[in-house]
Amino acid sequence: MKINYYPGCTLKSKAKNLEDAAIASMKVLGVEMEEIDRWNCCGAVYSLAEDDLIHQVAPVRDLIRAKEQGSGKLTVLCSMCYNTLARANLIMKTDGEKRDTINRFMDEEIDYFGEVEVVHLLSFLKDELGWDKVREKVKAPLTGVKVAPYYGCTLQRPAEVGIEPMGSYELMTELFEALGATVVDFPASAYCCGSYQVLGMPDSAADAASKILNLAGRSGAEVIATSCPLCEFNLGKKQQGLIDEKKISQNIPTFYFTQLMALALGLAPDVCHFELNDSNAVEFLKSKNYSV
Amino acid sequence: MSVLILPKTINKDFVQKIKELSGQDVRVCFQCGTCSGSCPMSEHMEFSPRKVMHLAQLAMGDSLVNLNTYWACASCHTCSVRCPRGIDIARVMEALRQITLRKNINFIEPSKMSAETIMGAPQIAMVAGFRKMTS
C-alpha cells in the first residue's frame, strides 16, 4: 500500500527522529509513505481570527498539492501540522464564502473544495491497518516499559478535527498495548505543554510542562510518548533545566510514538535518531538493554 | 488591579468589534469560571479568562489593552472545549491579540531572542510564536 504524506518543516531537521522512525516502521507494516511534492510550511498554528484568510492560504496550498497528486487521504505525523491542515480543510469543505475568496485569491492554482481527507498517522494505523497487523509484526515487544500517552492540545481540540474526543486516549493506548508496553493511567494526557509560549513567556511554559512531568512521575510512567515536536521540546529537551530549577523531581524520557513503534518492530536504532532526543532517552534505553 | 467603570471607560463598539474579529458573542458568557479553572496559564495571568470575558461584556476595551492574559494564552483550546455556553474563548483571546498587533505592536521581538532559543526551539515554535505574537 502507498500513502501520501505531509512532513512539515520540523520533521526535516529537529524532529527527523519522528519522521524517519515512522517511514521505516510503516515499511515493515507494508505501507510506503510517499512525501507529496512541493509542499510548504502549513503555518504551524491555525488562524483564529474570522477575517484573517491570508493565513489559510499556506495550508490550503498544501492540500491543493495533495489533490493534484491524486491523494484522497493525506497522512500527517506532526500534531500541529495535522491541526492546521485539518482545520483549513474544514473551511474549504464547509464555508462556501471563505472557500470562494481563497480559491479566487489563488487563481494560479486549481480550485479546491476540501476533497482531500487529512489523517493523522495514529488514526491511519487503527482504521486502515488495524492493531492485529501491528501486533503480528512486533519482534521486540516493549514488555515492562511503562508509557504515558501524551496527546497535548492539537490532536484533540477542537472536536471537529480531533483524532478522538478529548478525554479518550484509545489510539495511543491501543498502539502501545499492541507493541507490548504497559500504558499507565495518566491524568495529564490532554494538558498543554506551554506550546509556543516557550518564546513569549518561557517561565510560564516551564510551569505548564513541569505539571505534566510531575503527574507522569506520580502515575508511575517511565516514558512519555508524543507526536508533537513542540511538546517533545518543552517536555523533553527542556527537562534537565526543569530539574536544575527544582521544578520537577525526576527525569522521564520523552519519545515520539513512532520511535517506540520502530523499536518494537525490531528496527535498527539508527533509524530512530535517538541522539535527537534528550540524553535521558538514550540512558533509559540502555537500562532496558536496548543497544543504542 | 482595580477597574473603574464610568461612561468614559466604556467603548460601546467593543463588543461588536470582538464579534467581528472572533465570531463570538461575549455577552453569552454567564461567568461560571470554567475557562479560568481549565486554563493551564491562568496562574500567570494578570486577569483570569473569566475576568477578561466580564470586562469584554462590559465593553471595557481600554482596561484590556495592557493585560498579559491573552499574551499568556497558548491557544490550547481547553476553555473553548469546556465552555458550557459554547463560546470559543480561544478566538476571543485571538481577537484581543489582533487588536494590539494590528497597531503594529509586537509582544515579542524576534531580533531580541537569544541565540540559544533560536538554535534550540523547533521551527513550529518559531512560526507559531511569531504568528501569535508579532504583527
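Figure 1

Residues are numbered from 1 along each chain as its sequence is written, and chains are lettered from A and ligands numbered from 1 in the order in which they are written. Local features need pLDDT of at least 70 and side-chain atom pairs count only at pLDDT 80 or more, while totals for chains, interfaces and linings use all residues of this predicted model.

**Figure 2. The open sheet of chain A.** Four strands form this sheet in the order E2-E1-E3-E4, and the pairing is parallel. Two strands pair if DSSP finds at least two bridges between them. E2 and E4 (117–120) of chain A stand at the edges with a single partner strand each, so one side of each has no neighbour in the sheet. From one strand to the next, the twist averages 45°. Angles run from 0 to 180 degrees between N-to-C directions, and axes are lines fitted to C-alpha atoms, for helices over the stretch in contact.

**Figure 3. Strand E1 of chain A and its partners.** Four bridges join E1 (residues 2–6) to E2 (residues 32–35) of chain A. Opposite A:Tyr5 stands A:Glu35 of E2(A). Between E1(A) and E2(A) the chain passes through helix H1 (residues 16–28), and this β-α-β crossover is right-handed (with the strands pointing away from the viewer, the path from the first strand over the helix to the second runs clockwise). E1(A) is also joined to E3 (residues 73–76) of chain A, by three bridges. There, A:Asn4 has A:Leu74 as its bridge partner.

**Figure 4. Helices on the sheet of chain A.** H3(A) lies across E1, E3 and E4 of chain A and runs at about 160° to E4(A). Helix H5 (residues 121–129) of chain A packs on the sheet and touches E3 and E4. The direction of H5 makes about 90° with that of E4(A). Chain A has 13 helices and eight strands; helices (H or I, at least four residues) and strands (E, at least two) are DSSP runs, numbered from the N terminus.

**Figure 5. Contact between chains A and B.** 35 residues of chain A are in contact with 36 residues of chain B. The elements of chain A that give two or more residues to this side are helices H8 (197–200), H9 (202–218) and H10 (229–237). The residues on the chain A side divide into 23 nonpolar, seven polar and five charged.

Conventions. Two residues are in contact if their C-beta atoms, placed from the backbone, lie within 7 Å. Ala, Val, Leu, Ile, Met, Phe, Trp, Tyr, Cys and Pro count as nonpolar, Asp, Glu, Lys and Arg as charged, and the others, Gly among them, as polar.
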